[in-house]
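The sequence and structure come next.

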Amino acid sequence: MALLDVKNLTKNFGGLTAVGDVSLELNEGELVGLIGPNGAGKTTLFNLLTGVYVPSEGTVTLDGTLINGKAPHKIASLGLSRTFQNIRLFKDMTVLENVLIGFANRHNAHILASIFRLPKYYQSEKELKQKAMDLLAIFDLANDANTLAKNLPYGQQRRLEIVRALATEPKILFLDEPAAGMNPQETAELTALIRKIKEEFGITIILIEHDMNLVMDVTERIYVLEYGRLIAHGTPDEIKANKRVIEAYLGGEA
Ligand SMILES: Nc1ncnc2c1ncn2[C@@H]1O[C@H](COP(=O)(O)OP(=O)(O)OP(=O)(O)O)[C@@H](O)[C@H]1O
Ligand SMILES: [Mg+2]
């Protein structure tokens, strides 16, 4: 059984079908790509899977449990965690605090009390801080733990967003264009980081990305969307050679 099983998922906005009849699956431990021209429906699909939008039709099953229609926080607590196309950090909070918020999302509101230093929660606060620091160390951000998020260089802000998503200990990590706006050096570091998450944490990852080198480099399978419809699915080599995919991209550039 697939970890995430998506069947006939559709989202209409008025007359526009942003996502139409999409079926796909993610198996445990896989790293899967989701590509397609601008406006193809990639982010909308993420929004459907993570509960931001309620599907017009179709089902989403996580580990045998139907999750379509559930609220985003509920879906997050079941193990789906994401980053956003436009970075969403608490910019006036420190790097460490941003990761602690990630823990709070997964666990419960009491953890917020611990962050704000209520004595009763002191022990768990200490533990959580240690856990957050460990995560930051793995991703080379420990030296910046007390830096305000807004003062980090762009590439590190993107990395912090991923660390925060990981703090929820997700079963599946959804990355929406993590390399957007990165320079080649930052993109290379990101590629290594994505590999590390897969190999060291064994987390299932679905990656939306316009940087084809990155997608072809790290993913095992790729789904291609165009105008809300799945037009292809295969290994990176199959997708590179797929006429329908090449047309979709050339058409988009013409
Ligand atoms: N809330 C909304 N209301 C109306 N239309 C929407 C809404 N969200 C997305 N759309 C439309 O749905 C289509 C798919 O948008 P989406 O953002 O999912 O594309 P995308 O593949 O993520 O594109 P990009 O690569 O540019 O990020 C677009 O035509 C978009 O304008
Ligand atoms: Mg998008």
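Which strand and which helix each supply at least two residues of the shell around ligand 1? They are strand S2 (16-26) and helix H1 (42-49). Helix H1 gives the most, with three residues. Helices (H or I, at least four residues) and strands (E, at least two) are DSSP runs numbered from the N terminus.

This is a predicted model, in which local features need pLDDT of at least 70, side-chain atom pairs count only at pLDDT 80 or more, and totals for chains, interfaces and linings use all residues. Residues are numbered from 1 along each chain as its sequence is written, chains are lettered from A and ligands numbered from 1 in the order in which they are written, and side-chain values use heavy atoms, leaving out hydrogens and water.

Around ligand 1 there are 15 residues, and Gly39, Lys42, Thr44, Gln85 and His210 come nearest. A residue counts as near if one of its heavy atoms lies within 4 Å. By class, the shell has six nonpolar, seven polar and two charged residues.

| Residue | Distance to an oxygen atom of ligand 1 |
|---|---|
| Threonine 43 | 2.9 Å |
| Threonine 44 | 2.5 Å |
| Histidine 210 | 2.8 Å |

Taken alone, ligand 1 exposes 640 Å², and the protein buries 65% of that (Shrake-Rupley method, 1.4 Å probe).

Elsewhere, helix H6 (residues 154-167) holds glutamate 161. Glutamate 161 is buried (under 20% relative accessible area). A polar side-chain atom of glutamate 161 lies 3.1 Å from the backbone nitrogen of arginine 88.

Notes: Polar contact = N/O pair within 3.5 Å; in protein donor to acceptor, adjacent residues only side chain to side chain. Nonpolar A, V, L, I, M, F, W, Y, C, P; charged D, E, K, R; others polar. Buried < 20%, exposed > 50% of the residue type's maximum accessible area, 1.4 Å probe, protein only. Lys, Arg positive; Asp, Glu negative; His and termini not counted. Salt bridge = Lys/Arg side-chain N within 4 Å of Asp/Glu carboxyl O.
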